[in-house]
Amino acid sequence: MANLKSSKAVGNLRLNGSLIDNKNFSGFSGGLLKSTGSETVWDFGGIAIVNMESVDSSVSSVTISDIAVGDLVLFFGAEDGVNQSAPTGGWTAIPGLQTQPDNDNAPDSAAYYKIATGTSETASGLSGTNPTYIMVAFRGVDTSTPFDVNAVENQEIFGLPNSPSITTVTDGCLILSVGIIDDDNVAETINLPDGYERIKILDDQGSSNSSGTIGNTIAISGKQQFTAGSEDPPAFTGNSSDTNKGFTIALRPKLPSVSSTSLPYIKCVGDTPPAPTAITYVGGTNQENTTSDLTLTGLQSGDLVLFFSAADIDSQNTPSSGWTAIPGTGTQPDNDGFPDCAAFYKFSTGTSVTASNLPSSSVHVMIAFRGVDSSDPFGSTATRESSSGMPDPASVTINNTDSMVLIVGFLDDDAVASSVTAPAGYTLAEVEDTDCTVMTAYKSITSTGTEDPGAFGGLGDDSYKAYTLELKLISGGSTSIKIDNDDPNNTYFTPSWLNTTPVFSSGSWTVTESTIEVPNDGLYLINVNWEMTTSNHNDRLGPQVAIAINGTPNEYVASHSYMRSNTTTSNSSSNQSTLMELDSGDLVSVQWLEHTVDRDSSLADSNLTEDASFIEIIQLK
C-alpha cells in the first residue's frame, strides 16, 4: 500500500507525520477547517500552519493576515549588532528563553508570541538597519497552555545551530527547532535538522554570504511528536561559521479530555463496489420430483435470486424463508391447474440462497442475476396465458436503459425440456421437466421502448402461462451502515448521493471507529459534518475525530475537535473537509470519540441530528 502523495490542491496533508512543502506553505495536520453558527467552539488536536509573513528590511511594523481568533502567532526578529525591540501590541516573550529581547550580539534577537484576537495581528515598535522578521500563525494550539513545557535554548556556539533536547508531557506536540545565525546570510545553503521539515528560512539580504561582517539568518523547522517524551533535534547543517542560537519550542495541541481509554466501534454492513454497467446472469440450478431444499451457490451479497416451480396437478407452496412474490404475476402461488405454479424472488445476503418447503412431483428452478436494483428490481412486468402451444411471453414496455428482460414459461402436461429453445436474441437459462416443463431465458436491452420476445421453441402443445419481466440496473454507489450504538432497533442509514460516488458514509453518530478500503487510485474528499441541539450550556457533545491511513495515525491525522453550547439552548453545526490523494488498497480509518467532561446529560448522543451528522469519503477523480 502506497503512502500518501502530496496534493496539487490547496490544503494541508501529512506524509508519514512530516510536512509537505507547498510553495513554502506547509500544513502539519487538519484540512479545510470551518465553523458555522455563533455558538460553536472549535478545538483541534492537529496543529496546522495558517499563514506566514516575513520581512528582510527596516520597517516599523509587520502584519500577518488571513488568520482567525485563537490562532497562535509567533514573532522572531534578529539583526547583527543592532539591538532588537520588544514588539508592541500585546506580545509576550516565549517562556523559557533568555530575557527578551536578547541583545547579546549573537545575534541580537527577539522571540515573542500572542493569541490572535482577530483576522490579523501586528507587531509594532520595530527598529533596525538590516533586520530579519518572521511571523508564523498556527491553528489547533491549546490557547490556555500554548507551550507544552518551557522552551529551551542552547549556549552560544560557533558554526550551525543545534537546538537542545526538550521533554514534552502531551502527545501530539509540534516541535519547533529554530536557528538564529549571526553575520552570515545563508538562507540558500542551510539544511534542516534530519527528520524536520521546512517552515521558513530567511536572511536579511536574500543571498548567500558566509563571510560578510553584517547580516543574519533565521531558520524555522518543525516535526510532530506523536508520543510525549524526550526529543533532541539534530543540528542544522550547511555553510556557516559564526555565533548562533538554537531554540527548541514545543506547541501543545488542543485536545479535549475524555472519559474512556478505548473506542467503541461502528460496524459496516456490506460495501460500496463501483456501480455495474450492466446486469449479468450469474447461474442457476434445478431439481424435480423431490421435497429436498434447493440451494444456489456462487453468489454475492446483493444478487437477485428468482425461484420458479410447477406441477400438473400438485399445488405449489410459498418457499421459505424470506421469499417475495414477483409483482405482476398474479396471486402466488398460482394453483389453477394450468399448470399449478409459483414465482418468487429474494436478494442474496451471502454466497448462497436456499428455498425450502417444496412440494414433491414438481419442477423447481432457481436462477440469479447480478447488478439488479434491490430497492426496485422490476421495471415492468407482463403475463400471458393460453390453452395450447409453446409459451409465448407477452410484450412489455421497457422503462429503463440497460435493463435485462427475463421470460419464463410454464407448460402443462408436456415434458419437453430437451426440445426447448429460446426466442431469437434470447439466451436459454434453466429448463427442467417432469409431468410439466419450466423454461427460462434472458436478453439484455440497452434502450427503452416495447419488447416483444416471441415464443419459446419446442414440441409442447398444452395450456401454459408465461411471464415477461424487466429487471432494472442498480444505480450503484450506496451502502447500508449499521450503527453500533444504544439504539435497540439497530438503526440503519442508507445514504444517497449527487454528482459523486462515496466510498463510505454513516449517520446517527455516537462513538465509532470504522476502516474502509479505498477501491481506486484517486483524489478523495473526506467530509465530516454534524449538527446538534443542546439544552444546557455545560453540555459538550463531541465529536472528536481522527483519521488514519493504513492502520496508523502517524501517517495522517485530520484533527480532533468538539463543540460546546455556550447558551441555555443552542443549535450548532460544524464541518471539516480534507482533500487527499489515496491509492487503491489504502485503508482509511475514522475514529470518533464523545467528549463527556461537564456534560449534564448522559443522553447527549440523542441531540445529534441524524440527517446532518455524517462522515463521507468521496472520490473526486
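A residue counts as buried when its relative accessible area is under 20%. The legends below describe close-up views of a predicted model.

View 1. With a relative accessible area of 0%, Cys 436 is buried. The cysteine sulfur closest to that of Cys 436 belongs to Cys 341, at 9.1 Å, which is too far for a bond.

**View 2. Strand β17, residues 216-225.** Of the 10 residues in strand β17, 9 are buried, so the strand is largely enclosed by the rest of the structure. Strand β17 pairs with strand β15 and also with strand β16. In a regular strand, side chains alternate between the two faces of the sheet.

**View 3. Pairing of strands β15 and β17.** Strand β15, spanning residues 173-182, is joined to β17 in the antiparallel sense through 10 bridges. Within this pairing, Ile 175 has Lys 223 of β17 as its bridge partner.

**View 4. Pairing of strands β16 and β17.** Strand β16 comprises residues 197-203 and pairs with β17 over 6 bridges, again in the antiparallel sense. Here Arg 198 stands opposite Ser 221 of β17.

Notes:
Residues are numbered from 1 along each chain as its sequence is written. This is a predicted model: local features need pLDDT of at least 70, side-chain atom pairs count only at pLDDT 80 or more; totals for chains, interfaces and linings use all residues. Side-chain values use heavy atoms; hydrogens and water are left out. A disulfide is a pair of cysteine sulfur atoms within 2.5 Å. Buried means under 20% relative accessible area, exposed over 50%, partly exposed in between (1.4 Å probe, protein chains only). Helices (H or I, at least four residues) and strands (E, at least two) are DSSP runs, numbered from the N terminus. Two strands pair if DSSP finds at least two bridges between them.
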